[in-house]
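The stops below go from one selection to the next.

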Amino acid sequence: MELNSALTNKFDVSGDYARKLVQRAVEDGVLHSSHPITFGKNQYVYLRPGELLTLPRIKEITQKYRPPVYRLLEAMDLNEGIISYYEGLKVTASPLKASSTKADSLDEIFGYLKRQGFVKERTDRSGIRYILYDSPSLENEEEMELMNYHRARMVTDCIFLPDIMRWLRRVNIVDNHKVIYRNKTTPAIGANQNNLVWDAYAYTKTTGLNPVLAAKANAIDKMTLVAIDVVIARPYSQVDLDGFLSRIQINLHSVSEGTRKVIPIIVYKEIPELVLNRSRALGFMSFDLGSIFGTNIYSVIERLNLIKVNDLTLKDDALTASVEGTLDLIRNSGQEDSLRDLRGVLFEYLLYPLVRTLYGNAQIEQGKTLSMTKQDGSKEYYEYDFIIKSSTPKEILIIELKGYSSTSRIPIGDHNTHNTLRWFFRRTLPFAAKVLDKEVKDSGSVIKGCFITSASFFDDGKEFLDKMNQSGHKPKNLDSYYDGDGLINLLKGNDFIKIKQIIEKFYIKSDIKDQI
């Protein structure tokens with residue numbers, strides 16, 4: 001378009017004639033075209049002979065003519081040359097599935113860049129897809145290290161989401177009706193709404209003066225969608241904001257009649273002042289993580305990054321000390337109640353040395369997700385704190401951990417109610433047995449289950465658990481369940497005195513009563 005316009009203005013020729021001149025220049029070798037790669041609607045880049053379409057030049061061109069491509073490349077530059085496929089969907093505002101929208105899909109953008117030799121795709125051990133710059137100097141081990149480091153940063157972005165959503169409910173910004181968010185165990189799976197991915201979304205009745213009274217806004221279509229974008233592991237950037245804005249705009253324009261109501265919210269640890277001001281000018285709400293959880297949260301994040309980057313390769317003493325220091329920071333900031341989900345995550349890390357000692361020769365998988373495709377094509381999946389595959393004894397042990405205060409009681413519930421005993425023993429444990437059925441048969445193992453908590457149980461729960469302890473669910477070397485007192489005795493009996501003291505200090509003797 002710019003070349004045609006220049007020819008038209010300089011030589012006073014028509015647009016059609018200018019296009020013919022460009023076509024002849026290409027045929028005669030005076031110029032060469034980027035065909036079949038386009039930049040915008042049927043627009044090509046023309047270069048002199050010998051000139052190459054370099055990455056900096058592509059960024060310069062796409063910033064104006066194909067912003068999603070530019071945002072992907074800029075995001076990769078901000079992340080040491082790597083981005084997960086999930087984050088790519090966010091920043092390019094690409095639809096999850098092909099649709100009538102004119103938006104480019106991420107696969108189309110990736111294919112375009114791959115054909116130019118600029119990027120490649122890799123998958124880590126967790127099955128997470130990444131887009132990396134195609135650098136011949138990058139060895140396989142370096143690629144794996146880069147992916148592991150980036151996954152740790154993704155987990156950091158997810159790990160605060162349950163506590164952020166709880167805070168948003170407490171201050172009446174979102175409603176309890178439907179709250180969906182990314183999970184730390186599956187950081188590459190976002191909240192799918194309207195064929196787009198979000199870090200989290202919910203609904204609210206809190207819309208100020210409104211023809212529909214909040215008390216009567218009981219249906220989703222009468223509520224306002226709250227879309228949430230969270231970046232904690234690095235500064236929130238302009239391309240993050242632009243990608244979020246593009247998804248909001250697509251969502252707003254996706255109805256044939258009327259208008260959608262959306263409240264966009266950004267949660268960040270750091271953000272340039274210019275980006276923050278632009279978000280406010282757009283009418284977005286924005287929250288510094290420190291304003292939600294106190295300034296000690298920044299030190300908590302640093303410690304969490306240390307734990308996640310090392311991914312349980314820290315020696316037991318170093319891991320325990322790092323977790324204890326993090327719990328101290330949370331307590332000193334007065335945020336034990338607000339960060340209860342984070343305390344639960346740290347509880348899992350505390351018990352890893354115990355599990356590793358009890359099953360020293362076994363394969364131990366932490367934070368594993370098991371999935372199964374249902375008949376209707378949808379996927380059912382659950383996350384598991386520990387899956388232990390042992391040859392002596394021959395069993396696959398599923399461990400569920402709940403790091404609550406000892407004043408809390410876990411209900412017996414039913415197989416449809418989260419965070420209950422029957423949810424584990426009647427739903428997620430049988431599901432794991434189905435998914436692992438072939439492995440169980442091939443190895444001659446049996447599926448076992450164990451529920452460990454620092455909290456306590458109601459009487460009907462104790463009766464239920466005692467029955468589990470007499471059933472085939474009981475592991476050979478453990479009981480089927482441990483409450484706070486039982487856990488302390490288990491730690492003491494295996495000489496984990498330091499971990500016992502930490503759990504007593506921050507969980508057993510905690511004044512916080514967790515709502516389950």
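In which helix does Leu-350 lie? Select Leu-350 and you are in helix H14, residues 340-358. Before moving on, note that this is a predicted model, in which local features need pLDDT of at least 70 and side-chain atom pairs count only at pLDDT 80 or more, while totals for chains, interfaces and linings use all residues. Residues are numbered from 1 along each chain as its sequence is written, and side-chain values use heavy atoms, with hydrogens and water left out.

Leu-350 counts as buried because its relative accessibility is 1%. Buried here means under 20% relative accessible area, exposed means over 50%, and partly exposed is in between, using a 1.4 Å probe and protein chains only. Helices (H or I, at least four residues) and strands (E, at least two) are DSSP runs numbered from the N terminus.

Now show the contacts of Leu-350, where contact means heavy atoms within 4.5 Å. Leaving aside neighbours within four places in sequence, Leu-350 is in contact with Thr-320, Val-323, Leu-327, Ile-499, Ile-502, Ile-503 and Tyr-507.

**Ile-503 and the core**

From that contact list, go to Ile-503. Which residues touch the most other members of the largest nonpolar core? They are Phe-160, Leu-168 and Ile-503, in a core of 66 residues. H14 gives the most to this core, with ten residues. A nonpolar core is a set of buried Ala, Val, Leu, Ile, Met, Phe, Trp, Tyr and Cys residues joined through side-chain atoms within 4.5 Å. In soluble globular proteins, nonpolar side chains tend to be buried together.

**Thr-326 in H13**

Select Thr-326 next, in helix H13, residues 316-332. Thr-326 is buried, because its relative accessibility is 0%. Beyond four places in sequence, Thr-326 is in contact with Val-300, Arg-303 and Leu-346.

**The H15 and H17 pair**

Colour helix H15 (residues 421-435) and helix H17 (residues 459-469). Their axes come within 11 Å and cross at roughly 30°; the axes are lines fitted to C-alpha atoms over the stretch in contact, with angles from 0 to 180 degrees between N-to-C directions. H15 passes H17 in a left-handed crossing, the near helix being turned anticlockwise from the far one by less than a right angle. On the H15 side, the contact is made by Leu-421, Arg-422, Phe-425 and Arg-426, and on the H17 side by Gly-461, Phe-464, Leu-465 and Met-468. By class, these are five nonpolar, one polar and two charged residues. Ala, Val, Leu, Ile, Met, Phe, Trp, Tyr, Cys and Pro count as nonpolar, Asp, Glu, Lys and Arg as charged, and the others, Gly among them, as polar.

**Helix H5**

Move to H5, residues 85-92. How many of its residues are buried? Eight of its eight residues are, so the helix is mostly covered. Among them are Glu-87 and Lys-90. Just after H5, Ala-93 takes a positive phi of about 60°.

**Backbone stops**

Most residues other than glycine have a negative phi, and most peptide bonds are trans. Continue to Asn-172, with a positive phi near 65°, in the loop between helix H8 (161-170) and strand E6 (180-181). Asn-172 counts as partly exposed because its relative accessibility is 46%. Asn-195 has a positive phi of about 65° and is found in the loop between strand E7 (191-193) and strand E8 (196-198). At a relative accessible area of 23%, Asn-195 is partly exposed.

Then select Thr-392 and Pro-393, which are joined by a cis peptide bond with omega about 0°. Pro-393 is in the loop between strand E14 (379-391) and strand E15 (394-402).

**Lys-379 and the whole chain**

Stay with E14 and select Lys-379. Lys-379 is exposed, at 56% relative accessibility, and touches Ser-371, Met-372 and Thr-373, not counting residues up to four places away.

Finally, zoom out: the chain has 19 helices and 19 strands, and buried residues make up 50% of its 516 residues.
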